[in-house]
Amino acid sequence: MFYKDSDQVYRVRELDSLAWLVHGFGTRQADIPGLFAQLATLKQIHSATCVAAAGRSGVLAKGDALLEDTAGSVVAVKTADCIPILLIDDRHRAVAAVHAGWRGTVARIVQNAIGDMRARFGTLPAELHAAIGPGIGRCCYEVGPEVAVQFGGQGRGHIDLPETNRRQLLEGGVASERIYASDLCTMCHPDEFHSFRRDREAAGRLYSFAGVR
Ligand SMILES: [Zn+2]
């Protein structure tokens, strides 16, 4: 269950019991870079590329998912309609922050990130927690035929990125009861979220983050 804390950050109630974990999905009122001195991000390119932060901070590389298990380190992705997803491995105290737009979703970046966590940290997918944060909902995401066809549709239509990623998490071995979906549409809630579709070049970016205390 998602709720908003006093820093204007959405958090998942089920993850609050993990004392080692730092996590959240910032609203447009949140100052995430101001909250964390050591923050790692990527130059996001709508790929399926995963990068291990390994204790580094700053803009590390080109890619769309950041992995970390270093104490004191926080990783983040930036979005405005694309879907931010946090993966949490309690056993190995490891996290990933994933940026999934339609291209990254078609490239199955979230499954790529699970595979990389498994290779790097020994993560067991069945033990993962996965939080799907605020992004554009099916309500507002109408696409042309060239994109719809990638999602099994024909002609112009609405696609559901959060649900497609939820299904990919299930296929990747994550248990349904450990998948938490915000069901918050960035375009429908201008007071809380940036939206590229709504605000175009004027849109800011939302920070979604996870880290190890
Ligand atoms: Zn909407």
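Where does threonine 79 lie? A few notes on that and on two other spots.

1. Threonine 79 lies in strand S8 (helices, H or I of at least four residues, and strands, E of at least two, are DSSP runs numbered from the N terminus). This is a predicted model, where local features need pLDDT of at least 70 and side-chain atom pairs count only at pLDDT 80 or more, while totals for chains, interfaces and linings use all residues. Residues are numbered from 1 along each chain as its sequence is written, and side-chain values use heavy atoms, with hydrogens and water left out.

2. Threonine 79 is buried, with a relative accessible area of 2% (buried means under 20%, with a 1.4 Å probe and protein chains only). Leaving aside neighbours within four places in sequence, threonine 79 is in contact with Pro84, His99, Gly204, Arg205 and Leu206 (contact means heavy atoms within 4.5 Å).

3. Now to helix H5, residues 161-171. Its buried residues are Leu161, Pro162, Thr164, Asn165, Gln168 and Leu169. They cover an arc of only 165° around the axis, so they sit on the same side of H5 (the arc is that of the directions from the helix axis to the C-beta atoms). Their packing partners include strand S9 (83-89), strand S10 (94-100) and helix H3 (109-121).

4. At its start, a side-chain oxygen of aspartate 160 comes to within 3.0 Å of the backbone nitrogen of glutamate 163. Just after H5, glycine 173 has a positive phi of about 105°.

Terms used. Buried < 20%, exposed > 50% of the residue type's maximum accessible area, 1.4 Å probe, protein only. Polar contact = N/O pair within 3.5 Å; in protein donor to acceptor, adjacent residues only side chain to side chain.
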